[in-house]
Amino acid sequence: MNVYDGLRIAAMLEHHGFTQTDNIADADIILLNTCAVRAKATDKVYSALGRIRRAKKPDAIYGIVGCVARESGSDAFRKIKDLNFVLGPQSYHKLPEILSDPDTKLLDINLGGLEKFDELPPITKSPYVAYIPVQEGCNHCCTYCIVPYTRGPEISRPFDDIIAETQHAADVGAIEICFLGQNVNGYKYTDKNGKTYRLSDIIQETAKISNINRIRFTSSYPTEMTDDLIELFGTEKKLLPFLNMPIQSGSDNILKKMNRQYSLAEYIKIIDKFKHVQPNIQISSDFIVGFPGESEQDFEQTMDVAKRIGYINSYSFKYSPRPHTAAAIMPDQIPENIKSERLIKLDALLNDRQREFNLSCIDKIFDCLYESPDKTGIKHIYRTPYMQPCIVTTDKPTPMAKIKITSANKSCLHGKIID
Ligand code: SAH
């Protein structure tokens, strides 16, 4: 989501005559687009602002946008006196106001919903992967999560707007579309004729665009996986057979305290439905360890489910207490050293499984999408349909290539272009 917001902000500033620079000392305007999901990301913002302050030209204006801006509000101006702007994730389109009057302080952390999508100029060139938001905000009040506070309640964008933006991204270079939302599969929009659209309608309409070869979406909530969406994994060839469906914990006791609205058994039933329509599907998950009250037994249940489902490419985090959330004030907070021990154990298991899956890909042939040169600049990185990085040697990288996998390790694949 922040990648998308960053591109739109860049397009907006270009529209106002700015060009991008990597050198802070050259910049006339500097902004940090921020994430507030875990404390670590938030803590980094203020030290980064201090570094920017020392490196920037004296008259350059600077500020923060995104979720930390929303969380801090005017406190940010108290902490850093000469900061110029603080704009929440749904008000960054107001940035040009500061350009006309750089001596003011611009603060807007309102949750205005969809206004920003209409106000911003379209991108002029797309990377091969285009991120397109379909909804913003989240109505699932998971007790650990700050997102309902920072991005507000769910609002779905009009279906026609999403398709127009997708078509535009394809026209200016996109080959893969990743639909975005804090609760992407909760997408629901009813037009003025009373017709209701779901995520499955967006995917089917997008699949008709001939330049688009691959479609995926994130982040999804398990119980919002409706049958129309699940069935598409069996019928729509452009939809990648790879899905991020966070379980967070394998313990029913902890899932309840997290206010996740499913039990382990219900979650597994949903996975079985996917496997039934698409036997090649692979799933990744997000996990939180050390949630308040998590016993050794609860944690072992998370380890068991990670083993049982055999996730690939998962994300795992130590629970981080966040302001405006119910879990932050729950009793039985888990000490940091226990969280760390549990994270190490879970990561070891997830890494083993990832290595195992990568090794199982040897000799297989995948349609892959070009990403970038590798660090050496001699080889090139592609992405498989399971989003694994795959390194190949080629003089002429094409946007899509058929690649035969020749070797693999935990973090990547190596292959040969065969077509
Ligand atoms: N649906 C959200 C999820 C983003 S957060 C969105 O798309 O914006 C991504 C992951 O961070 C979550 O799935 C969860 O595993 C983790 N997370 C969220 N809040 C957390 C917290 N307080 N501490 C640790 N991890 C957290």
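A hairpin of four residues connects β19 to β20, where strands are DSSP runs of E with at least two residues and helices are DSSP runs of H or I with at least four residues, both numbered from the N terminus. The model described here is predicted: local features need pLDDT of at least 70, side-chain atom pairs count only at pLDDT 80 or more, and totals for chains, interfaces and linings use all residues. Residues are numbered from 1 along each chain as its sequence is written, and side-chain values use heavy atoms, with hydrogens and water left out.

Strand β19 covers residues 400-408 and strand β20 covers residues 413-417; the two pair in the antiparallel sense over five bridges. Two strands are said to pair if DSSP finds at least two bridges between them. Within this pairing, I403 has I417 in β20 as its bridge partner, and K404 has K416 in β20 as its bridge partner.

These two strands belong to a barrel that five strands close in the order β16-β17-β18-β20-β19, with mixed pairing. On average, neighbouring strands of this sheet are turned by 55 degrees against each other, direction ignored. Such angles run from 0 to 180 degrees between N-to-C directions, and the axes are lines fitted to C-alpha atoms, for helices over the stretch in contact.

The other strands of the barrel can be followed in turn. Strand β16 (residues 365-373) pairs with strand β17 (residues 379-383) in the antiparallel sense over four bridges, and L369 stands opposite R383 in β17. The hairpin of β16 and β17 has five residues between the strands, and G377 takes a positive phi near 80 degrees there. Y382 has C390 in β18 as its bridge partner. The hairpin of β17 and β18 also has five residues between the strands, and in this hairpin M387 takes a positive phi near 65 degrees. Strand β18 (residues 389-393) runs parallel to β20 and is joined to it by two bridges. Here C390 stands opposite L413 in β20.

A further sheet is open and is formed by three strands in the order β5-β8-β11, with parallel pairing. Its edge strands are β5 (129-133) and β11 (214-218), each of which pairs on one side only. Strand β8 (residues 176-180) pairs with β11 in the parallel sense over five bridges, and I177 stands opposite I215 in β11. Helix α9 lies across β8 and β11 and runs at about 160 degrees to β11; contact means heavy atoms within 4.5 Å.

Rolling a probe the size of a water molecule over the atoms shows where empty space is left. On a 1 Å grid over the protein atoms alone, a cavity is a set of points where a 1.4 Å probe fits but cannot get out, while a pocket is an open set with protein on both sides within 12 Å along at least five of seven lines; lining residues have an atom within 4 Å of a point. Grid points are joined across faces, edges and corners, and a volume is the space filled by probe spheres set on the points. A search of the whole structure finds one cavity of 30 Å³ or more, and the largest cavity has a volume of about 30 Å³. Its lining consists of N185, R198, L199, S200, E224, T226, D228 and L229. At least two of the lining residues come from each of α9 (199-207) and α10 (227-235). By class, this lining has two nonpolar, three polar and three charged residues; Ala, Val, Leu, Ile, Met, Phe, Trp, Tyr, Cys and Pro count as nonpolar, Asp, Glu, Lys and Arg as charged, and the others, Gly among them, as polar.

The second largest pocket holds about 700 Å³ of space. It is lined by 24 residues, of which A10, L13, T19, Q20 and T21 are the closest to its centre. Both α1 (2-15) and β1 (29-34) supply at least two residues of this lining, and the largest share, seven residues, comes from α1. The lining of the second largest pocket comprises twelve nonpolar, seven polar and five charged residues.

Strand β1 runs parallel to strand β2 (residues 61-66), and six bridges join the two. L32 has I64 in β2 as its bridge partner. Together with helix α2 (residues 39-55), β1 and β2 make a right-handed β-α-β unit; a crossover is right-handed if, with the strands pointing away from the viewer, the path from the first strand over the helix to the second runs clockwise.
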